[in-house]
Each structure stands twice: as structure tokens, then as C-alpha cells.
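Here is a briefing on the structure shown below. Please look through the model before reading the points.

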There are 2 protein chains.
Amino acid sequence: MNGQPADRVEETVAIALRLFTERGYDNTPMSAVADALGLTKAGVYHHFESKEHLLYLVHKHTLESQLVPLIEQAEAEPDAGMRIRRFMIDYVLLLARDPSAAMLINESRRLAPHHLAEIRGIWRRGYRMLRGTIIELQQRGLCREGVDPVYAAFGAIGMTSWIIHWFDRARGGNADAVARTMCGIFLDGILKDGARP
Amino acid sequence: MNGQPADRVEETVAIALRLFTERGYDNTPMSAVADALGLTKAGVYHHFESKEHLLYLVHKHTLESQLVPLIEQAEAEPDAGMRIRRFMIDYVLLLARDPSAAMLINESRRLAPHHLAEIRGIWRRGYRMLRGTIIELQQRGLCREGVDPVYAAFGAIGMTSWIIHWFDRARGGNADAVARTMCGIFLDGILKDGARP
DNA sequence: CTCCTAACCTACCGGCCGGTAAGTTTTTAG
DNA sequence: CTAAAAACTTACCGGCCGGTAGGTTAGGAG
């Protein structure tokens, strides 16, 4: 119930998340993780079978605590338009606030194939929610012609995700304005002229 | 005038582009580059002062031969709407066709700071062109309210660039349809209801 | 032919880093 | 208190890789 990690595994995952974000996965030797924990390298390897496994746990823990709730909140939204809006805005705010999200995206290539598949499955839940919502809008006749739900969903994800490459909250970036602009462009871009709120 | 590289430097850059794309920068030892050239490692280091320098040349050469012409073609387009359309479509087709573009985006972090700054300057030309075009549309009263030119430009770039993370031309991906859908969403998203062609 | 230079090779260095074997301390169970 | 299991430490290995010192070959100029 307090902010302290319950055990060494959680503590290590939290520290690795920070170090990987600050220095990158390849530039963070396990000795650095050990130092930050006040342990030796072998002490860390008592809890993790490999560095890749630690990276996998960092991915899994962070996505489940940050991304999944955000998807579930959006899914709970009854109105389709609001569902998209809710997700896009919260997602932009998340990426703008937390630089570790960018690390997860960049370093996912280092995962072993089966771990990568599992992690991509988590990301895919957001994609599926968006695509399903766009299909629903289409079936209700609210979408413009020529909007492919798959490509549109990836468009919304890409437009927002890309902020990891340019947004700098330290230099006067206004995350709220980014979120509103992008969400507005996307919804105006897929909805028929008469279907907007 | 033929397809053969004019000298060893060009030849090496071409081979490094291929190897970095296939295996990643970190997983491509200089010995692999040397092998592919039929040289030894020291033979390669006769032409390049460091591996990072080789990566820099790969970036520079590829961007100048692939991205810059695409930007200049778009800039030559007199109509603002067509300028955006032209760029977005050609850019999507480029990314969908050539996996090395994804490598350049992913591995740019390995560049030394001054090289990174120069390479980002090339990418930025596309951003500036888009932003300037959106501002032009705004001044002519063709844009919806609330469209920030900076965030909109990054939105167009992000929506299209993100296909490096999901598009798979080997599995029936239709790059033309992607390009048309995304370009349509973006233009419908920023232009007033009456301003579309 | 000679001389020079660019291109290239052999052989090596040094450091880093993931991972481990084997032993020691700490905690827990009974 | 005892014993075993869990949590560590010390000390090390082995491999890879970027980079280089110094010598060798090839090719063109004169």
C-alpha cells in the first residue's frame, strides 16, 4: 500500500525502467543496475535469468500499469466518438509526460521473439479498440467514404505515438494543445461533415 | 552512369546501408562490412575514421538521394493542398517500399551529437515544408479553427512515418491504399468543409 | 626502371559486458 | 537451537568488437 516496492523483483524492475530510459538498454550494463540496487551483478542474476528477461518484465509491468488502464477507460466510454477522443488525448498526455514510453517503443526490438510477440499483443489491444470503434462508426453511416478502418486506426496511433520523436515538454511544449489538435484532425478527418458534435 | 559505385567509399556506404538494415547497426560488426566488401577490417578503416562516421555517411547519402528529392518535388507543386497530398503519398510509398528508411529512423540515436544535428536538419526540411503549407492554407482562410500548424505538421509526419512499425508489404499490405487513406484523413481533418477539392 | 602514394593486410590490443561457479551470510521454518 | 533454503558476494571466464601499429602490394607518374 505504500510507495515502496514489495520485493526485490519489483524494485529492480522499477530501477531498470529508470536506467533504461535515461541511458538506453544497450548502454546500461547489468553492473549499473546492480549498483543502483546496492547489490552486485551476481546478486541481480539471482532474481533474473538474463538481461533480456529483465527488459521483458520492464515492458510488461509498465504497459500493464500505464497503457492497459488507459485502454480500459476508453473502452468503458459508451459513445464511439468520445471513445476515440478519450483514448487519443490520454495517450498523448501519457507519452508527453513519461519518457519511458519512448524507451519501451525503441528498445522492444531487443526482446526475444516470444517476448516480443507477447508485448506486441498488449499494444495491439489499443489498436483493436480503435479499429473496432471506427468500424462501429462506419456501420452507423457516420464515416466518410474511403476510410479504411485498419489504416485509419494505425493513422491515429502513429500521429500520436510519433510525439516521442519531437515533443519536448522541457521546452514549452503544450501537451494539451497537441492532444486537442491531433484528436480534432483525426475525428474531422474520418467523420462525415454532419456527424461531428 | 552505370549501377556500379564510383569508388570504395560509395560502395562501402551502399553495403553498410544494406547490412545495417538487415541486421541493425549494433549487430553489424565492422568485420561483417569488411567481409561483404572482400576486404579486412583494417582495409575498411583506411577509408572511414570510425564506425559512427560510416553510419553518418549512410544517413546523409540515403536521405539526400531518397528524401530530399521527394521534398523538392512537393515544393514545386503550386497548389497548397496538392503539395501536402504529393508529399504524404510519396513519403508513404517510400517508407513502404524501402525498409532502410526505418533503419535510419531507429539507428539515428547512435550518431554523435553534431552528426545527429545535421541529419535532423535534413529531416526537418520536410517538416518545415508541411508547416509552411499549412500556414499558407490558414492565411487563405481554408483551415478549420484550432489547427495548430506545428502540431498538425507533426501529425501528418507521424501518421505516415509510423508505418515503419506495422506495415508489412510481404503480407498483402496495400501501400497505395494506406497513402490515400491517411492523406484523405489529414486533409479532411485540417480543411474547412467547403475547401476540399 | 624508380619512386611515391594510396590501398590494403597481418596481427594484435584493450576494454567492456553478459553470465557463472562456488562459497558466505541472512532469513525462515519447525 | 537447528537446518535448510533464499539472498547474496567474490572472483572469474570467454567472447566479441572497435580500433590500430606497422608492414606489404598495386598502380600511376616521370
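A salt bridge is a side-chain nitrogen of Lys or Arg within 4 Å of a carboxyl oxygen of Asp or Glu. By that rule, Glu107(B) and Arg109(A) pair through their side chains, N to O at 3.6 Å. This is a predicted model, in which local features need pLDDT of at least 70, side-chain atom pairs count only at pLDDT 80 or more, and totals for chains, interfaces and linings use all residues. Residues are numbered from 1 along each chain as its sequence is written, chains are lettered from A and ligands numbered from 1 in the order in which they are written, and side-chain values use heavy atoms, with hydrogens and water left out.

**Salt bridges**

- Over all chains, the whole structure holds 26 salt bridges.
- Side chains of opposite charge can pair when their charged atoms come close.
- Arg8(A) and Glu11(A) form one salt bridge, with their closest N and O atoms 3.1 Å apart.
- Both sit in helix α1 (residues 8–23) of chain A, three residues apart, so about one helical turn separates them. Helices here are DSSP runs (H or I, at least four residues), numbered from the N terminus, and strands are runs of E of at least two.
- Glu11(A) is partly exposed at 25% relative accessibility, and Arg8(A) is partly exposed at 31%. Buried means under 20% relative accessible area, exposed means over 50%, and partly exposed lies in between (1.4 Å probe, protein chains only).
- In chain B, Asp90(B) and Arg86(B) meet in a salt bridge at 3.4 Å, N to O.
- That pair lies in helix α5 (residues 80–97) of chain B, four residues apart, about one turn of the helix.
- Asp90(B) is partly exposed, with a relative accessible area of 21%. Arg86(B) is partly exposed too, at 32%.
- Asp26(A), Arg110(A), Asp26(B) and Arg110(B) form one network through salt bridges that share partners.

**A pair across the chains**

- Glu107(A) and Arg109(B) meet in a salt bridge, 3.6 Å from N to O.
- Glu107(A) lies in helix α6 (residues 100–107) of chain A, while Arg109(B) lies in the loop between α6 (100–107) and α7 (113–139) of chain B, so the pair joins two chains.
- Glu107(A) is buried, at 2% relative accessible area. Arg109(B) is partly exposed, at 36%.

**The interface of chain B and chain A**

- Contact (heavy atoms within 4.5 Å) links 35 residues of chain B with 35 residues of chain A.
- About 3000 Å² is buried between the two chains, and carbon and sulfur atoms give 62% of that area. Buried area is the accessible area (1.4 Å probe) that two parts lose on being put together, summed over both.
- Tyr151(B), Trp162(B) and Ile185(B) supply 25% of the area that chain B buries against chain A, more than any other three residues.
- Six salt bridges are counted between chain B and chain A.
- On chain B, α6, α8 (149–161) and α9 (175–190) each supply at least two residues of the side that touches chain A.
- The most comes from α9(B), with nine residues.

**Helix α2 of chain A**

- Helix α2 (residues 30–37) of chain A has these buried residues: Met30(A), Ala32(A), Val33(A), Ala34(A) and Leu37(A).
- The buried residues of α2(A) pack against α1, α3 (41–45) and α4 (51–75) of chain A.
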